[in-house]
Amino acid sequence: GLVYALVVVMAARLAAHAFGDATSVRAAAAVGSNPALGYYAAQALTEFLTAAVLLGLVAAVFAWGRQHRARTMAVAGVLIAAAGYLRAEYLGLAVLFGLIVLWVGRQRLPQAATHAALLVAVVVLAMGIAETTRSASA
């Protein structure tokens with residue numbers, strides 16, 4: 001229940017920052033009344049956790065678009081690795097979001113390229129640490 005509430009609040013805040021305060025209530029209502037999210041939130045399945053991680057990833061990249069900070073890309077990389085740990089196919093998001101960073105930051109291409117590379121490097125590093133930890137505990 002707590003993660004579900006956080007997802008609703010995060011979606012509302014992200015909508016308000018991206019599209020104006022008037023959209024926050026509509027975003028919260030849309031996310032909060034989505035029957036699929038409510039169903040998955042009540043189950044012990046990875047889909048809901050993956051949705052929460054992906055929403056966090058979008059928020060991190062949105063924040064990076066406003067203030068181009070390397071640590072924001074590092075957080076995004078950790079979130080992609082977390083999504084990849086939940087479902088392996090999400091590791092491909094590292095390439096997709098790397099390209100998004102290049103596109104959004106094209107006015108400052110050297111910095112954007114560095115941040116895109118940092119994003120991918122953090123994903124690789126985090127997945128390597130997760131695999132090493134998993135292998136050591138097995």
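In helix 6, the residues Leu-93, Ala-94, Phe-97, Gly-98 and Val-101 are buried (buried: under 20% relative accessible area; exposed: over 50%; partly exposed: in between; 1.4 Å probe, protein chains only). Seen down the axis of helix 6, these buried residues fall within an arc of 135 degrees, so they line one face of the helix; the arc is that of the directions from the helix axis to the C-beta atoms. This is a predicted model, in which local features need pLDDT of at least 70, side-chain atom pairs count only at pLDDT 80 or more, and totals for chains, interfaces and linings use all residues. Residues are numbered from 1 along each chain as its sequence is written, and side-chain values use heavy atoms, with hydrogens and water left out.

**Helix 6**

- Helix 6 covers residues 93–104; helices (H or I, at least four residues) are DSSP runs, numbered from the N terminus.
- The end C-alpha atoms of helix 6 are 16 Å apart, which agrees with the 16 Å that its 12 residues should span at 1.5 Å a residue; the expected span is 1.5 Å times one less than the number of residues.
- The exposed residues Val-95, Leu-99 and Trp-103 sit on the face of helix 6 turned away from its buried side.
- An α-helix has 3.6 residues a turn, so residues three or four places apart point the same way.
- The buried residues of helix 6 pack against helix 4 (46–66), helix 5 (70–86) and helix 7 (109–137), where contact means heavy atoms within 4.5 Å.

**Nonpolar surface patch**

- Leu-96, Ile-100, Trp-103 and Val-104 form a nonpolar patch on the surface, with about 390 Å² of accessible area together.
- Patch residues have over 30% relative accessible area and no salt bridge, and nonpolar side chains (Val, Leu, Ile, Met, Phe, Trp, Tyr) are joined within 5 Å.
- Accessible areas come from the Shrake-Rupley method with a 1.4 Å probe, and for residues only the protein chains shown count as cover.
- Ile-100 counts as partly exposed because its relative accessibility is 30%.

- The 21 residues of helix 4 should span 30 Å at 1.5 Å a residue, and its end C-alpha atoms are 30 Å apart, which agrees.
- Buried residues of helix 4 include Phe-48, Leu-55, Leu-57 and Trp-64.
- Ala-121 lies in helix 7 and is partly exposed, with a relative accessible area of 43%.
- Ala-121 is 43 residues from Val-78 in sequence and 9.9 Å from it in space, C-alpha to C-alpha.

**Salt bridge**

- The structure holds 1 salt bridge, defined as a side-chain nitrogen of Lys or Arg within 4 Å of a carboxyl oxygen of Asp or Glu.
- The side chains of Arg-87 and Glu-89 meet in a salt bridge at 3.6 Å, N to O.
- Glu-89 is exposed at 54% relative accessible area, whereas Arg-87 is partly exposed at 26%.

Definitions and conventions
Patches are made of residues with over 30% relative accessible area and no salt bridge: like charges are joined within 9 Å, nonpolar side chains (Val, Leu, Ile, Met, Phe, Trp, Tyr) within 5 Å. Helices (H or I, at least four residues) and strands (E, at least two) are DSSP runs, numbered from the N terminus.
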